[in-house]
Amino acid sequence: MLLVSIHDVTPAQADGVTRLWQMCAQRRVVPALLVVPNWHGQWPLERHAAFVDWVRSRAADGAEIVLHGERHDEVGLPRGTGDRWRAWGKTAGEAEFLTLDAAAARARVARGLDCLTRLGLAPVGFVPPAWLAREATYEAAAAAGLRFSEDDRSVRLLPSGQRIPSPVVRWSARTPARAWGSVAVARIRSLLQRRAPLPRIALHPRDLDHPATTRSLTHTLDRWLTWHRPGHYAELGITPTHQL
């Protein structure tokens, strides 16, 4: 089974999000939507009714809604040498939960859930931005009633703590060098991990900023769909408990 998701679902990147959805829909794939309640503290969903309506419509089409941080960025958060090393090469100041302790993680998860549920969205899981977080964050998500999370190597079933190995293919178009590098990595993963039982493809709106990553993600999605059927997190035995 192949899990496909669209990250960074925010009105700040609405054009890219809708383009990625259309690419998936053309292939009869219903991706999970990783929604950010207040992108960078400047794009609160409450102020963008049309975009929220679009997300609700996609949920009605079968898309699983996933909480993706509260604001996604790291403004005002401390980062030590060890944290910078963990984030090196993976993100440009977008690992919101990387340095949070238990209390701060619980507060942000709670605020994010409150926002989504007030807007008529029922999240079933939580994925930290850039897949970077301390264990306290996963514990906070489990305590909040969310059923799964992820890191860059596995899907985590909450609150049991079971981790299902799941390699992920993703891209970066922040610079031309990163764009071409991520294209090469996607090709290598196609060769080495095509037989994995539960691979993931993670799409980001900014992937469409470079023609090489745009071509690569469409080609990769087509290729992986010849090897795996598209599926949903619910098929992993996850029973939603966070109801509206």
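Trainee: Is T214 buried or exposed, and where is this residue found?

Mentor: Buried means under 20% relative accessible area, exposed means over 50%, and partly exposed lies in between, with a 1.4 Å probe and protein chains only as cover. T214 has a relative accessible area of 16%, and therefore counts as buried; T214 is found in helix α7, residues 211-227. Helices (H or I, at least four residues) and strands (E, at least two) are DSSP runs, numbered from the N terminus. Please keep in mind that this is a predicted model, in which local features need pLDDT of at least 70 and side-chain atom pairs count only at pLDDT 80 or more, while totals for chains, interfaces and linings use all residues. Residues are numbered from 1 along each chain as its sequence is written, and side-chain values use heavy atoms, with hydrogens and water left out.

Trainee: Which residues does T214 touch, not counting residues up to four places away in sequence?

Mentor: Contact means heavy atoms within 4.5 Å, and by that criterion T214 touches M23, D207 and L208. A polar atom of the T214 side chain also lies 3.5 Å from the backbone oxygen of L208.

Trainee: How many helices and strands are there in the chain, and what percentage of its residues is buried?

Mentor: The chain has seven helices and 11 strands, and buried residues make up 54% of its 244 residues. Among contacts with a separation of 6 or more, 71% are accounted for by residues 24 or more positions apart.

Trainee: Which residues have the most contacts inside the largest nonpolar core?

Mentor: A nonpolar core is a set of buried Ala, Val, Leu, Ile, Met, Phe, Trp, Tyr and Cys residues joined through side-chain atoms within 4.5 Å. The largest such core here has 46 residues, and those with the most contacts inside it are L33, V55 and L203. Apart from this core lies another, of 17 residues, among them M1, V66, V155 and L236. Returning to V55, and not counting residues up to four places away in sequence, V55 touches V9, L33, V35, I65 and L121.

Trainee: Where is E94, and which residues is it in contact with, leaving aside its neighbours within four places in sequence?

Mentor: E94 lies in the loop between α3 (81-87) and α4 (102-118), and at 17% relative accessibility E94 counts as buried. E94 is in contact with W39, H40, H72, D73, E74 and P129, its neighbours within four places in sequence being left aside. The C-alpha atoms of E94 and P129 are separated by 6.5 Å, although these residues are 35 residues apart along the chain.

Trainee: What should I look for in the backbone angles of H40 and H72?

Mentor: Most residues other than glycine have a negative phi, and most peptide bonds are trans. H40, which is not a glycine, has a positive phi of about 55 degrees, and its place is in the loop between β3 (38-39) and β4 (43-44). H72, also not a glycine, has a positive phi of about 85 degrees and lies in the loop between β5 (65-67) and α3. H40 is partly exposed, with a relative accessible area of 25%, whereas H72 counts as buried at 5% relative accessibility.

Trainee: Which peptide bond is cis, with omega near 0 degrees?

Mentor: The peptide bond from L158 to P159 is cis, with omega near 0 degrees, and P159 lies in the loop between β8 (154-157) and β9 (163-165).

Note on methods:
Polar contact = N/O pair within 3.5 Å; in protein donor to acceptor, adjacent residues only side chain to side chain.
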